[in-house]
Amino acid sequence: GALKHLDARLDVGKLDVVQWVYGAGNGPSAKWAHVYQKVQGAGKCLQILCDDVADAKAVAEQIKPQGAWFCPGGSYTPQEANDFIRWIERWAAGKK
């Protein structure tokens with residue numbers, strides 16, 4: 001029920017970052033891109049907890065890179081983790 005308070009939270013001038021967790025069984029994160037867009041529209045940064053790398057990429061397709069911090073769940077090989085980091089760098093630079 002915390003989402004009903006989002007507008008009030010976004011009006012807090014000293015609040016720079018929002019981490020909103022949609023709750024168990026309500027994912028994936030990409031389903032909630034409209035919430036992340038609203039947060040970015042208010043000039044706030046985001047910490048986005050994603051189900052996995054695929055979910056993080058799906059969210060990234062719907063938001064701006066500025067101020068977005070992705071935390072994908074799951075376990076990855078060092079190569080998979082590095083591939084995701086390189087993908088995020090290209091996305092943030094507008095070069096997917």
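Trainee: What counts as a strand here?
Mentor: A strand is a DSSP run of E, at least two residues long, and strands are numbered from the N terminus. Keep in mind that this is a predicted model.

Trainee: Where is Gln47 found?
Mentor: Gln47 sits in strand S2.

Trainee: Buried or exposed, that Gln47?
Mentor: Buried. Its relative accessibility is 16%, and buried means under 20%.

Trainee: Which residues does Gln47 touch?
Mentor: Setting aside residues up to four places away in sequence, Gln47 touches Val17, Val18, Gln19, Trp20, Trp69 and Cys71. With Gln19 there is also a polar contact: the two side chains are joined at 3.4 Å.

Trainee: Let's zoom out. How many helices and strands are in the protein chain?
Mentor: Four helices and three strands. Along the sequence they follow the pattern α-β-α-β-α-β-α.

Trainee: And what does the C-alpha trace span?
Mentor: About 40 × 30 × 20 Å along the principal axes of the protein chain. The radius of gyration is 14 Å. For 96 residues, a compact globule would have one near 12 Å, so the value agrees.

Trainee: How many of the residues count as buried?
Mentor: 30% of the 96 residues in the protein chain.

Trainee: Which residues of the largest nonpolar core touch the most other members?
Mentor: That core has 22 residues, and Tyr36, Ile48, Val59, Ile63 and Phe70 touch the most other members. Helix H1 (6–10), H2, S2, H3 and H4 each give two or more residues to this core. H3 gives the most, with four residues.

Trainee: Tell me about Tyr36. What is it in contact with?
Mentor: Leaving out neighbours within four places in sequence, Tyr36 is in contact with Trp20, Tyr22, Ser29, Leu46, Ile48, Val59 and Ile63. Tyr36 is also one of the buried residues of H2.

Trainee: Which are the buried residues of H2?
Mentor: Ala33, Val35, Tyr36, Val39 and Gln40. They cover an arc of only 155 degrees around the axis, so they lie on the same side of H2. They pack against H1, strand S1 (17–19), S2, H3 and S3.

Trainee: What follows H2?
Mentor: Gly43 follows H2, and its phi is positive, near 80 degrees.

Trainee: Now H3. Which of its residues are buried?
Mentor: H3 runs over residues 53–60, and its buried residues are Val53, Asp55, Ala56, Val59 and Ala60. Their arc is only 160 degrees around the axis, which puts them on the same side of H3.

Trainee: What covers the buried residues of H3?
Mentor: The cover includes helix H2 (33–41), strand S2 (45–50), strand S3 (68–72) and helix H4 (78–92).

Trainee: And what caps the N-terminal end of H3?
Mentor: Asp52 does. One of its side-chain oxygens lies 3.2 Å from the backbone nitrogen of Ala54.

Trainee: Is Cys50 buried or exposed?
Mentor: Buried, with a relative accessible area of 6%.

Notes:
Residues are numbered from 1 along each chain as its sequence is written. This is a predicted model: local features need pLDDT of at least 70, side-chain atom pairs count only at pLDDT 80 or more; totals for chains, interfaces and linings use all residues. Side-chain values use heavy atoms; hydrogens and water are left out. Buried means under 20% relative accessible area, exposed over 50%, partly exposed in between (1.4 Å probe, protein chains only). The arc is that of the directions from the helix axis to the C-beta atoms. Contact means heavy atoms within 4.5 Å. A polar contact is a pair of N or O atoms within 3.5 Å; within protein, one must be able to donate a hydrogen and the other to accept it, and residues adjacent in sequence count only if both atoms are side-chain atoms. A nonpolar core is a set of buried Ala, Val, Leu, Ile, Met, Phe, Trp, Tyr and Cys residues joined through side-chain atoms within 4.5 Å. The radius of gyration is taken over C-alpha atoms; the globule rule is 2.2 Å times the number of residues to the power 0.38.
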